[in-house]
Amino acid sequence: MRGANLAALVIFALLAATPWLAEFWGGSYLISLVMKAMILGIAALSLDLLIGHAGMVSFGHAAFVGIGAYTTGIMITEGAPDLSAILPVTIAIATAFALVTGAISLRTSGVYFIMITLAFGQMVFFTMSSLSDYGGDDGLTLWERADAFGTGLFDSDTGLFYTILATLIVVTLLLRRIVGSRFGRVLRAAKQNPTRVESMGYSVFAYRLTAYVIAGIIAALAGVLFANQSEFISPATAAWQRSGDLIIMVVLGGMGLRHGALFGALAIVLLEEGLSTLTHDWRLIFGPMLVLMVLYTKGGIAGLLEPRRDT
Amino acid sequence: MLSLVNLDKHFGALHVTDNVSLDLRPGECHALIGPNGAGKTTLIHQISGTLQPDSGQILFNGSDITALPPHRRAQAGLGRTFQITSILPEFTVLENVALAVQARRGSSFRFLRTVAKNRQINNRALECLALFTLTDRADRPASALSHGEKRLLELAIAIAGEPEALLLDEPMAGMGKEESATLTETLLTLKRDYPILLVEHDMDAVFALADRVSVLVYGQIVATGSPDEVRANPQARAAYLGDEAC
Amino acid sequence: MSTTLFLIQLLNGVQLGLLLFLISAGLTLVFGVMGFINLAHGVQYMIGAYLLVAFYSVTGHFMAAMLLAMLAALVIGLLLEVFIFRHLYDRDHLDQVLVTFGIIIFLNQLVKVIWGATPLTLDPPEFLSGSFQLVEGLMYPTYRVAIIVAGLAVALLLWLLVTRTKLGMLVRAGSTNAEMVSALGVNIHRLFMVVFGFGAMLAGFAGALAAPIFSAEPGMGDDLLIVAFVVIIIGGIGSIRGAFIAAILVGLVDTLGRSMVTDILKLFMDASAANQIGPALASMAIYVLMAAVLFFKPTGLFPARASR
């Protein structure tokens with residue numbers, strides 16, 4: 001078994017054991033920390049489909065997480081708290097937003113793509129800040145979690161925890177299948193040489209836009225989970241700094257490498273947590289660490305485990 | 001097969017394509033020659049769809065493709081190679097060709113089944129590689145091929161797309177004398193199956209392959225005819241052949 | 001809205017635009033000449049503000065503090081270039097984004113550690129305080145007039161520098177074709193350093209100018225950085241002229257948007273709905289502007305480079 005797969009298996013096993021481990025150490029704090037890390041992992045995995053496999057550096061991915069979180073929060077507040085309603089609405093909104101902004105963004109490339117996705121992210125951020133009925137700038141506390149198809153699964157932390165873990169595993173497998181599929185092959189080829197791919201008869205635009213929609217939907221689902229986990233929604237979820245965090249996770253984990261984004265997300269969350277127990281000013285350490293890691297490592301964490309390129 | 005009708009293109013004050021008409025008949029190899037700066041590359045871009053002509057029409061198999069984007073032209077059956085080697089460097093040689101095959105084997109908006117083990121696609125890709133003696137390179141990354149092998153891979157990719165006509169943009173570029181001769185042999189066999197519009201500087205290759213030759217100078221076609229006719233045409237000689245072929 | 005109020009908002013817009021120009025000028029050159037995305041440009045603006053406050057408390061003299069702040073901003077910019085950024089010019093944009101993001105995280109926290117998290121305020125100097133009668137019945141704070149004058153002066157200076165000097169010619173050539181410039185035997189590393197240091201100094205200057213109006217606080221550069229990126233994208237990367245026009249445009253759209261959108265909306269919807277949507281639309285206006293510009297001109301209004 002290859003290094004990254006083995007490491008991932010160990011990590012999934014550890015994650016699955018967390019609620020049990022928490023009884024001995026860390027308690028509910030550990031559980032909610034790990035839930036947060038897994039949710040970020042889901043969002044980062046979806047961003048890696050764009051950055052790592054399609055070569056589309058989106059700097060506005062947190063907007064989708066925000067869309068998922070706000071849809072959830074608003075629907076719970078407005079008395080439609082069941083996932084059977086929340087999920088379709090979230091997916092519909094994320095798809096519509098991705099189609100429109102993706103189609104415009106894909107007219108540009110390179111740096112301009114980075115910046116226009118950022119601009120769309122900012123639009124979402126300011127829209128959320130203006131929703132004064134739902135907390136405006138300050139955000140909104142949710143008094144209950146969503147109904148999981150009437151099962152009450154989310155009523156307990158454990159139920160929510162395993163839902164998130166299951167989602168993470170499904171998303172991991174799904175994205176791996178997508179990357180290896182016909183569609184994924186076209187996407188990966190277009191990252192290397194779009195002109196050649198066009199001349200083979202593929203509309204690169206259509207494939208990239210589809211990838212943008214898929215990634216957006218997954219990130220929005222992460223947002224749904226996030227709103228339930230934190231029981232709080234706030235525009236900060238969609239701030240550009242959060243989009244930057246997601247990029248950090250993808251790159252430090254290892255762009256386009258198997259499980260890279262997941263490793264990245266877990267590592268960053270644990271690192272932040274570890275450093276902040278050392279000192280209140282942990283950012284003084286984290287910032288330079290980030291600089292040094294980018295300057296002196298290549299291929300991120302997954303690259304260390306598995307030097308060969310994953311295709 | 002493929003006809004350009006009164007194509008016209010300006011870049012600012014520069015008239016890069018000046019009322020060009022040209023056609024490629026079924027079964028023939030039509031060579032387009034001309035000195036550097038004659039507008040060959042611009043013309044190729046218009047045929048493949050990366051540039052739009054200001055006026056004029058491009059017909060392919062009887063339908064007007066003037067307004068179609070590059071990928072639609074490829075779908076219509078226009079295969080091409082590039083002047084500067086254009087392959088997918090991170091893919092294996094087999095994958096390069098398999099991607100082209102895949103374009104002809106149903107929709108690629110399929111998300112869940114692993115394509116790497118698709119027998120149908122891989123077998124067809126291997127057949128294409130065999131045509132160009134690349135079979136034993138199949139599992140290498142394309143970036144590891146020699147220059148000559150990359151040029152062959154380009155051809156294999158073009159053929160794998162099951163084209164009805166081929167647009168070859170200086171296939172001999174950057175090749176040695178011997179390599180060019182071998183490639184000319186290969187193209188001679190290809191010619192039996194595909195009409196070819198060939199843009200080339202290597203006159204040996206042009207006269208070995210072409211049934212007809214058109215000479216492009218300052219954006220205008222100054223002569224079209226059999227290789228011998230063009231060789232004898234004073235305008236063409238003055239413009240181009242004078243210093244190279246005779 | 002009265003004409004006077006409108007005029008004041010217009011001036012505020014121009015003033016914001018000029019501040020944005022000071023930040024964007026360095027950003028667009030660094031971006032255009034070196035192909036380098038410097039997210040840390042915003043913290044250089046913040047540092048300028050803090051430096052002014054710090055030097056003012058030491059010297060007690062506003063102009064001296066301003067001069068020292070600019071010098072210090074220049075030095076900090078050069079240090080960052082020498083020790084970190086110069087190793088990143090050949091890397092891809094992603095690495096640049098990450099490293100400069102790391103620097104933002106560090107410097108924002110450092111400022112908090114040194115000066116605390118509460119905003120620091122500073123009064124404008126004696127001779128620039130008070131108000132100024134522009135026309136009959138229109139008073140405008142003298143300090144804001146001074147910002148407009150200083151901004152225009154720097155813009156003029158930059159224009160002269162870029163169009164009339166050898167250095168400027170190299171910078172322009174560099175933003176069109178960097179390989180060619182280095183092929184001419186110009187020491188490209190030194191050129192980069194000069195451009196970078198100068199850009200950092202301008203951002204610091206902008207921060208120092210802004211300190212008496214907005215006060216100095218941690219993270220104050222973050223949002224402005226994004227706006228500055230909007231400016232250089234609209235203007236076309238690498239173009240000083242584009243940055244100037246886009247900066248004024250963005251300054252006006254943002255300022256006038258905030259004061260007028262809600263009122264305009266009230267014309268065709270009921271007041272409470274307008275109050276809801278107005279502020280959101282106003283904060284979004286510049287992003288909508290950018291998306292619209294990119295939709296019609298995917299490389300900005302005045303692209304310096306044919307394609308990138």
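User: How far apart are the nearest C-alpha atoms of chain B and chain C?

Analyst: This is a predicted model, so local features need pLDDT of at least 70 and side-chain atom pairs count only at pLDDT 80 or more, while totals for chains, interfaces and linings use all residues. Residues are numbered from 1 along each chain as its sequence is written, chains are lettered from A and ligands numbered from 1 in written order, and side-chain values use heavy atoms, leaving out hydrogens and water. Chains B and C do not touch, contact being heavy atoms within 4.5 Å. Their nearest C-alpha atoms are apart by 14 Å.

User: Which residue of chain A forms a salt bridge with E95(B)?

Analyst: Side chains of opposite charge can pair when their charged atoms come close. The whole structure holds 20 salt bridges over all chains (a side-chain nitrogen of Lys or Arg within 4 Å of a carboxyl oxygen of Asp or Glu). One of them runs from E95(B), with closest N and O atoms 3.9 Å apart, to R188(A).

User: Which helices does that pair link?

Analyst: The pair crosses between chains. E95(B) lies in α3 (residues 93–102) of chain B, and R188(A) lies in chain A's helix α7 (residues 182–192).

User: What is the strand order of the open sheet in chain B?

Analyst: The sheet has 6 strands with mixed pairing; two strands pair if DSSP finds at least two bridges between them. The edge strands, each pairing on one side only, are β6 (78–81) and β10 (220–225) of chain B. The order is β6-β7-β8-β3-β9-β10.

User: How many bridges join β9(B) to β10(B)?

Analyst: Strand β9 covers residues 212–217 of chain B and runs antiparallel to β10(B). V217(B) stands opposite Q220(B) in β10(B). The number of bridges is 5.

Definitions and conventions: Helix = DSSP H or I, 4+ residues; strand = E, 2+ residues; numbered from the N terminus.
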